[in-house]
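Here are a few notes to read alongside the model.

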Amino acid sequence: MSADHYTYRVTWSAEDQEHVGLCTEFPSLTWLADTPEAALSGIRMLVHDVIDDLRANNEPVPEPLAERKYSGEFRVRIPPELHRQLAMAAAEQGISLNRLASSKLAGEKVT
């Protein structure tokens with residue numbers, strides 16, 4: 001598993017007045033730098049070092065999000081009244097509740 005397969009992001013920190021490099025799979029790690037490029041480079045090097053350390057200590061290494069397998073299914077608990085409202089909206093539109101929920105989650109307009 002390579003450090004290159006992880007999910008990275010660079011954002012600006014008003015508090016630190018620097019760019020912050022982040023890695024989704026390692027939420028406790030950050031890297032501050034003057035430029036976005038340096039923040040990305042720094043967080044990538046840090047993740048690489050942490051992976052090496054985890055392996056050296058026979059500890060589990062997080063699987064990159066990009067390499068995980070997803071079933072396309074997950075359960076969401078909602079209040080019964082909202083369930084009723086969504087079921088009615090789906091029926092009125094002639095679509096399944098699953099299609100309605102999927103479209104809403106994706107931010108699509110359902111007709």
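1. Asp4 and Arg44 join their side chains in a salt bridge, at 2.2 Å from N to O (the term means a side-chain nitrogen of Lys or Arg within 4 Å of a carboxyl oxygen of Asp or Glu). Asp4 sits in the segment before β1 (8-13) and Arg44 in helix α1, so the pair ties together parts 40 residues apart in sequence. Helices (H or I, at least four residues) and strands (E, at least two) are DSSP runs, numbered from the N terminus.

2. A word on the basis: this is a predicted model, where local features need pLDDT of at least 70 and side-chain atom pairs count only at pLDDT 80 or more, while totals for chains, interfaces and linings use all residues. Residues are numbered from 1 along each chain as its sequence is written, and side-chain values use heavy atoms, with hydrogens and water left out.

3. How many salt bridges does the whole structure hold? A search finds three. One of them links Arg84 and Glu81, with the closest N and O atoms 3.1 Å apart; these two are three residues apart in helix α2, about one helical turn. Another brings Arg99 and Glu108 together at 3.4 Å, N to O.

4. Is Ala106 buried or exposed? With 53% relative accessibility, Ala106 is exposed (buried is under 20% relative accessible area, exposed over 50%, partly exposed in between; 1.4 Å probe, protein chains only). Ala106 is placed in the segment after α3 (97-105). Arg99, at 43%, is partly exposed.
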